Amino acid sequence: MTATALALPLEKPSRRSRVDAVSAVLAALLVLLALAAVLAPLIAPYDPAATDILAAGSGPSPAHWLGADDLGRDILSRLLYGARLSLLGPTLIIAAATVLGTALGVASAWLGGWFDAVTSRVLDFFFAFPGLLLSVLAVAMIGSGFLAPVTALAVAYTPYIARVTRTIAVRERTLPYIEALRTHGLGGWAICLRHLTPAVWPVIRAQAAIAFGSALVDLAAVSYLGLGVQPPSAEWGLMVSQGQSALLGGAPWQSLSAGLLIIVVVLAVNTIGERASDSDTAGGRA
């Protein structure tokens with residue numbers, strides 16, 4: 001046995017460990033942001049709605065680490081409180097879309113026939129509408145705020161999850177072990193819940209992580225347009241919008257800090273999702 005042959009088995013674990021290390025660091029960063037949001041009342045230096053006219057538009061200082069907005073509100077405090085809605089919204093969107101999309105995808109793959117055809121046409125109908133357009137329609141019917149765009153975006157993201165789920169479930173359903181389970185008398189819904197859904201879950205999990213970043217951007221865009229969370233509430237997309245005039249006036253602290261947090265979270269969840277997807281694909285090939 002050559003030295004090269006001995007070295008080959010050692011290369012895979014080292015590469016996998018690097019991948020896991022990157023994902024672990026990014027996951028730790030996301031957990032840290034989530035904890036900061038939860039603990040905002042304890043760690044925020046100021047009330048996010050408290051104004052200080054003397055500090056209005058000021059840059060970073062010992063009193064205001066990230067500066068103050070045009071009303072004199074502490075930007076760091078508003079970022080911490082804003083993380084609550086900014087992270088909660090996409091979490092609710094993707095959670096609802098994942099549950100509904102997985103159920104529809106697995107049911108369509110298992111039942112087939114007219115149910116699959118009707119479900120596919122309905123999903124195609126909603127798939128044709130951009131999430132932002134559905135959000136605008138929801139706001140027009142329900143009113144601006146947090147609930148309307150979250151509900152609309154959950155509906156908009158369901159077809160993405162459902163399509164991926166159905167594709168994998170259809171392939172999984174043809175495998176011999178599924179027929180063996182049916183031969184042993186296990187019912188269809190029991191097979192779907194105990195075996196088919198867990199089999200497709202790794203890919204769904206990766207897709208949900210990637211979709212989270214897109215949902216965060218869409219929700220921030222809705223708030224930026226003034227159709228989502230309303231002042232004086234703090235939310236990252238709204239903060240970008242509120243800081244736009246100050247940005248043009250040479251005080252970019254609010255818009256840049258909120259925009260940077262959005263970018264960091266999106267990059268983190270997308271990287272984790274893509275690496276998880278690559279890992280699942282490699283595992284399937286192995």
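The exercises below concern a predicted model of a protein.

Local features here need pLDDT of at least 70, side-chain atom pairs count only at pLDDT 80 or more, and totals for chains, interfaces and linings use all residues. Residues are numbered from 1 along each chain as its sequence is written, and side-chain values use heavy atoms, with hydrogens and water left out.

**Exercise 1.** State how many helices and strands the protein has, and what share of its residues is buried.

Solution. Step 1: take helices (H or I, at least four residues) and strands (E, at least two) as DSSP runs, numbered from the N terminus. The protein then has 11 helices and zero strands. Step 2: count a residue as buried under 20% relative accessible area (1.4 Å probe, protein chains only). Of the 286 residues, 39% are buried.

**Exercise 2.** Describe how H3 and H4 pack, and name the residues in contact.

Solution. Step 1: locate helix H3 at residues 75-111 and helix H4 at residues 113-127. The helices pack at about 145 degrees, with axes 7 Å apart. Step 3: list the contact (heavy atoms within 4.5 Å). H3 contributes Leu104, Ala107, Ser108 and Leu111, while H4 contributes Gly113, Phe115, Asp116, Thr119 and Leu123.

Technical notes: Buried < 20%, exposed > 50% of the residue type's maximum accessible area, 1.4 Å probe, protein only. Axes fitted to C-alpha atoms, helices over the stretch in contact; angles between N-to-C directions.
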